[in-house]
Number of protein chains: 2
Amino acid sequence: MHASSAKYIRAVSTKAELKRVRALHQKKYREEEGMFLVQGMKLVTELLASGWPVQEIHSTVTVAAHLRHPKLQIWPAYDLERMGTLEHGNEVVAVVPRPERTHFEPMADDELVLAVDGVADPGNMGALLRIADWFGVKRMLCSVDCVEEFNPKCVQASMGSFLRVEVHRVQLPRMLDGLRASGAALYLATMEGDVVFDVPLKRPGVLILGSESHGPTDAVRALDARSISVPRAGGAESLNVAMAASALCMEFARQRSMPS
Amino acid sequence: MHASSAKYIRAVSTKAELKRVRALHQKKYREEEGMFLVQGMKLVTELLASGWPVQEIHSTVTVAAHLRHPKLQIWPAYDLERMGTLEHGNEVVAVVPRPERTHFEPMADDELVLAVDGVADPGNMGALLRIADWFGVKRMLCSVDCVEEFNPKCVQASMGSFLRVEVHRVQLPRMLDGLRASGAALYLATMEGDVVFDVPLKRPGVLILGSESHGPTDAVRALDARSISVPRAGGAESLNVAMAASALCMEFARQRSMPS
């Protein structure tokens, strides 16, 4: 597509607009406005292709030539540098409405859901989204104290998986108890749990992952969940929550593909 | 231990010394001096407990009270801020000789080795060390273009696993070919490889991981290695190299624990 054929609004950049977008770097304003940012050419292209609602796009003139959106606004590179949060490649910033997810549909018979308890690092949260997406996990439950999935670092670390994995922010212990009561098997990843290879992993199932630094909260530990672990053969004190998730999802995938 | 009982040298900080330690932020000087940095109380404590040679330690007076080393030097916090590379917690910096690893012993019958081809990100490299350590992998081969394992970000991301996992920097394709000739099975992680659950994983074995952005190099692809993959069920385009390593090491661990 050529620049001449792209539909975009040539606007004089205004300080007020720049400030409005920049405010979305902060959680407080993301919540107030109900918006979040998606940045970088690769991710914005994927976003547009996905059919997600996109409120507006801000970009350099070069990038604008490759994008189509009714509200595409061109800025000088130095303004975009201030508008975006990335270290490099702040050439395009999309402002996107946060999805409303108030209802959690009953789990499908063969569904696996990830539940995340108090993960504060946006890189880890983004990695968890990406792992969920790889292994075909479509829904993730997060405790209210987890880092926001719309944190720009999390969005970028998820590499577009935020488009496919639904995150539900819930009162986690209560929600998990409800799922258990409706027949889901709960599995809690811990250091001292049963070696997961010895545990028949049932579905619908929920894999609960605690925060890297503190592990699961007492309320989550008090649930009627089977404790499972990634067997340790070496000297490392712990596995990062994303690595543990990847290892455990692998065994969930294996047992599903090879029913014994 | 009390400050009064700790053996340390109270020295007037000098600009030249600060500069000498700071130079080790850079690969060039780490190589010239044959030294690298280990930082933060947790890691330095683990380092001292491990019995590794430590050339010198620089710390605040508070931290010095908890450490024992013949060359422990006290600095004001603002000097340590400049000496260290961490965002937070630059209260102790150890200067450590780089181990010489010129000889790669023949592989043990049941050994698994990780081989890393062109991984440039120090966070990923540190994560790989941590994963290796968790799963009991004691040796790692790295292509010469991999990020240096003594990069401060890598050292810190490894969470002390650099103390237990031996990294050998080698001409990777030639080395792998030699290992194959001596009877090791080579496995190459790729997106399109055979689903690893269907592959009997033999030992001694080498799991080869390519760089996240480019995958394995042509020379590595040309080796007589079995291509294996982490099965994908969802929409994610790729798995980060550390997550893939965690998932694949998991299956290596399972097959070893449950010979079929």
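Biologist: Which way does α6(A) pass α10(A), in a left-handed or a right-handed crossing?

Modeller: In this predicted model, the crossing of α6(A) over α10(A) is right-handed. For α6(A) and α10(A), the angle is about 15 degrees and the axes are 9 Å apart.

Biologist: What does that angle say about how α6(A) and α10(A) are oriented to each other?

Modeller: Angles under 35 degrees count as roughly parallel. α6(A) and α10(A) are therefore roughly parallel to each other.

Biologist: And which residues of α6(A) and α10(A) make the contact?

Modeller: From α6(A) come Asn124(A), Ala127(A), Leu128(A) and Ile131(A). The partners in α10(A) are Val241(A), Ala242(A), Ala245(A), Ser246(A) and Cys249(A). Sorted by class, the contact of α6(A) with α10(A) has seven nonpolar and two polar residues, and no charged ones.

Biologist: At what angle do the axes of α6(B) and α10(B) cross in chain B?

Modeller: They cross at roughly 15 degrees and come within 9 Å. α6(B) also makes a right-handed crossing with α10(B). On the α6(B) side you can pick out Asn124(B), Ala127(B), Leu128(B) and Ile131(B), and the contact of α6(B) with α10(B) divides into seven nonpolar, two polar and no charged residues.

Biologist: Let's move to the two chains together. How should I read the relation between two copies?

Modeller: Two copies of a chain are related by a rotation about an axis and a shift along it. Here, chain A can be laid on chain B by a turn of 180 degrees with a shift of 0.0 Å along the axis, and the RMSD is 0.0 Å. The two copies are thus related as by a two-fold rotation axis.

Biologist: Which residue of chain A has its C-alpha nearest the axis?

Modeller: That is Ala247(A), whose C-alpha is 2.2 Å from the axis. The same surface serves both copies, with 100% of the contact residues of chain A recurring in chain B.

Biologist: How many residues does each chain bring to the contact?

Modeller: Chain A brings 32 residues and chain B brings 32 residues. Both α6 (122-134) and α10 (241-257) of chain A supply at least two residues of the side that touches chain B. α10(A) gives the most to that side, with nine residues. By class, the side of chain A that touches chain B has 18 nonpolar, seven polar and seven charged residues.

Biologist: At what angle do α10(A) and α10(B) pack?

Modeller: The angle is about 45 degrees, with the axes 8 Å apart. α10(A) and α10(B) are therefore oblique to each other. The crossing of α10(A) with α10(B) is right-handed.

Biologist: Last topic: the backbone. What should I look for there?

Modeller: Most residues other than glycine have a negative phi, and most peptide bonds are trans. Met159(A) is not a glycine, yet its phi is positive, at about 55 degrees. You will find Met159(A) in the loop between α7 (152-157) and β7 (166-170) of chain A.

Biologist: And which residues does a cis peptide bond join in chain A?

Modeller: Arg203(A) and Pro204(A), with omega about 0 degrees. Pro204(A) sits in the loop between β8 (185-195) and β9 (205-210) of chain A. In chain B, the peptide bond from Arg203(B) to Pro204(B) is cis, with omega near 0 degrees.

Methods. Residues are numbered from 1 along each chain as its sequence is written. Chains are lettered from A and ligands numbered from 1 in the order in which they are written. This is a predicted model: local features need pLDDT of at least 70, side-chain atom pairs count only at pLDDT 80 or more; totals for chains, interfaces and linings use all residues. Two residues are in contact if their C-beta atoms, placed from the backbone, lie within 7 Å. Helices (H or I, at least four residues) and strands (E, at least two) are DSSP runs, numbered from the N terminus. Ala, Val, Leu, Ile, Met, Phe, Trp, Tyr, Cys and Pro count as nonpolar, Asp, Glu, Lys and Arg as charged, and the others, Gly among them, as polar. Copies are superposed by least squares on the C-alpha atoms of residues with pLDDT of at least 70 in both. Axes are lines fitted to C-alpha atoms, for helices over the stretch in contact, and angles run from 0 to 180 degrees between N-to-C directions. Angles under 35 degrees count as roughly parallel, over 145 as roughly antiparallel, 65 to 115 as roughly perpendicular and the rest as oblique. A crossing is left-handed if the near helix is turned anticlockwise from the far one by less than a right angle, and right-handed if clockwise.
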